[in-house]
Amino acid sequence: MTSWDNPVPVATFLSLADLEARSQSDPPPGVSFIDDARSRAYDTVCVPLTTAKWRDRWRDMCIITSEHHGERVESTERHAETWRANPAFELGETRGSEEVEGVIVMISDWLELDASDSWVRHDSEIALQQELSYASYLNIAAYGRAINTCLSRTPYMQFSIRLPIYDPTIFQSSSPRSISGSPRDNPPTQPSSPSASSTPVRPPEPRAVPSTRASEAELNATWEMWDAIRSICAYNPRLTLTLDLVAPLPSVPGVLDRWAAEPISHLFIPASTFIANTKGYPVLPKGSQSFIRDVMKHRPVVILSDTTTGLHVKGGETAYLQYVRHLDKTSPTVVQAKTAGTVEHFARGYQDYLQAPLQPLMDNLQGTTYQTFEQDPVKYQKYEEAVYAALSEWPPSDRIVICVAGAGRGPLVARCLSAIARVQRNVFVYAIEKNPSAYVTLQRRKASEWRERVEVLFGDMRTLLVPERADIIVSELLGSFGDNELCPECLDGAMRFLKSNGISIPSTYSAYLAPLSSSKLYNEVLAGKDGKAPETPYVVMFQAVNILSDQGGDDGDRCGPQIQECWEFEHPRRDVVLDDQGLPVTNSHNIRSARLTFHIPHAGVLHGLAGYFEAVLYGKIGLSIHPHRKDLVSKDMLSWFPLFFPLKEPLYLPSNSELQVSIWRLTDQRQVWYEWYAESFLPVLRPPIQAPKVGPVPRVDGHGSVWAATSTPFVPPSPLVDAIDNPFVVSGDRLSKEVTKRIQRVSSFKTGVVKIGQTSLHNPGGRSSWMGL
């Protein structure tokens, strides 16, 4: 991937006509077409691998039409069988030069790997493998159009499939015809034996009438195609996506958002995608600008085509290149990554990288880990403000005791002392730390900085005897999910030396969950060396991800918000049964569970669950990594990345479906662990049931029935609500009387849900991942 410090690479696409014109223009000796492109400020070039001569020969061999008859058929089939036995190019069928270093090559886009004729599919696959074999001979690194067999046969190559965001033909009333002619009648079951039958050529179809309406199912078609291909290829990390932006982008945000979670390596942008501004210079529509700026987080190679055709009157070829550079420089992700002090800048190199959560009770942290956390000025500023606010409410005459539980190398102690100096109260501080190495640092800082204002204590806060009870306990034991680093268990022990009217900072913290799609993270999990990886939560700085859920429909009682709360912990907790030492008898009070229902508006694939937390330190002062509130609560806080709960197998979720997620926080006397599970449902309609003349009406509920008790609200069909999309400018009020009547009729129906999928239970009994007590 391109470095954040460098602009994304931009390539120019040279068609066969461009290459032919260049060969006739007699370029200066020693100047290659890639040198020529670089002299025009491009980074590389994209060229077709083969010529029209190869296409014509393949069609002549492999497409039998009514023109092929008698001796002609026999001769053609003999020629085709010779080619099938030993596929090879003839002179003039490939691009003449073997100059390939730094070149992106396009495999022939006329090969019909999905043709209805089994012979055409068979011969197309042979041709594809032949082209890739030649590309391998040339030592080329990136390609368009590839399938699973090619991945397995060429293990050292990267492949990229070129697809539009949607099929432009959906805005036409008739479908386009195939380039290969009609399928053969009665194709043989064994493709190795050619057929001598003939089929007439399909007559030309009438010109399609353009339309400006398309259903979401039609807009989903190319993404569904991509999902099928990458699933067949087992999410091979060498298979990436080239997005072709030749068509106008749809206006439904969710349709675009899901592409952000895919492995985009290239953007193909023809000059026709650009529009002219008031001065005649090429620019992109605002929707395309926003989408490309967002996609720049993938650092793709941008391929520009037809920039020398003079489609726009001003700017020439360089205007397109300069415009793409401008979009890259103004991409919010790129800007944040280059701005010191932001989370994106701090996390450079760690985006979508799986990290095991800390085990602070089992392991003593290294000095570099402490140093990383201490770089976060926002977190410690929030803690200082919380301590200051708490102290401000104390009578000036009182002596106040603060205990820093888990002092580390002392940043919280220093912030407490700063708050004390500001509020001018009589306060003494105890600093407790169990890490022997950090304890040395604390003693050094006491001797040189804090002196008699602080007493340093060595030991585990759950068992250590403290000289006196504290008025305020301050701790930074929170994890990415709030409780995943055992903050509840640690503070249970620390509450022994908190006064009955004492304050805990933090006072509460909550865990949040959202359904997530990310092929990159799924591949990272698959790369795990053992079977435990898919059942292990990871700390991840999300980048190439898509949150699949949205706000619940019109009925807020059915589905929750896009990101939902799982549970909350509060300190001090007054209802726990304690033993003689002031410790909980068991850890059962820290068990939690949640069952959350999410509305999935657009088709996608669930790869895991995103976990976040939000904490109240004191009063209105808090910490948050909740995506919707983090900038309001603690903007640019660096200490925590979200938590990722992976799935063993992806779960497909269709448009307007419902996802039910169950998650548990479980414990015994030795460890704490999470278990998680998901089910998918599809809303269905049932008309109002008329009461029968005789006998009771049977009640149908969600227990063991296809009808669930609750569901995502059914979205009635309409040009606006039923995912009807219009990427062009149209009038907003087009609801006819017939459509209005239809909405009213459908809205009177009751809805239920049909279960369509589920995952396995992940990490039962903590068999793969757990936090040790």
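**Notebook: salt bridges and a helix pair**

I began with Glu449 and Arg445, which both sit in helix H16 (residues 436-450), 4 residues apart, about one turn of the helix. Helices (H or I, at least four residues) and strands (E, at least two) are DSSP runs, numbered from the N terminus. Their side chains form a salt bridge at 3.1 Å, N to O; the term asks for a side-chain nitrogen of Lys or Arg within 4 Å of a carboxyl oxygen of Asp or Glu.

A note on the source: this is a predicted model, where local features need pLDDT of at least 70 and side-chain atom pairs pLDDT 80 or more, while totals for chains, interfaces and linings use all residues. Residues are numbered from 1 along each chain as its sequence is written, and side-chain values use heavy atoms, without hydrogens and water.

I then searched the whole structure and found 31 salt bridges. One of them pairs Asp244 with Arg162, with the closest N and O atoms 3.0 Å apart. Asp244 is in strand E6 (residues 239-244) and Arg162 in strand E5 (residues 159-164), so the pair ties together parts 82 residues apart in sequence. Both Asp244 and Arg162 are buried (buried is under 20% relative accessible area, exposed over 50%, partly exposed in between; 1.4 Å probe, protein chains only).

Next I looked up Glu535 and Arg767, whose side chains meet in a salt bridge of 2.7 Å, N to O. Glu535 is buried, at 2% relative accessible area, whereas Arg767 is partly exposed, at 48%.

Last, I checked helix H17 (residues 487-494): 8 of its 8 residues are buried, so H17 is largely enclosed by the rest of the structure.
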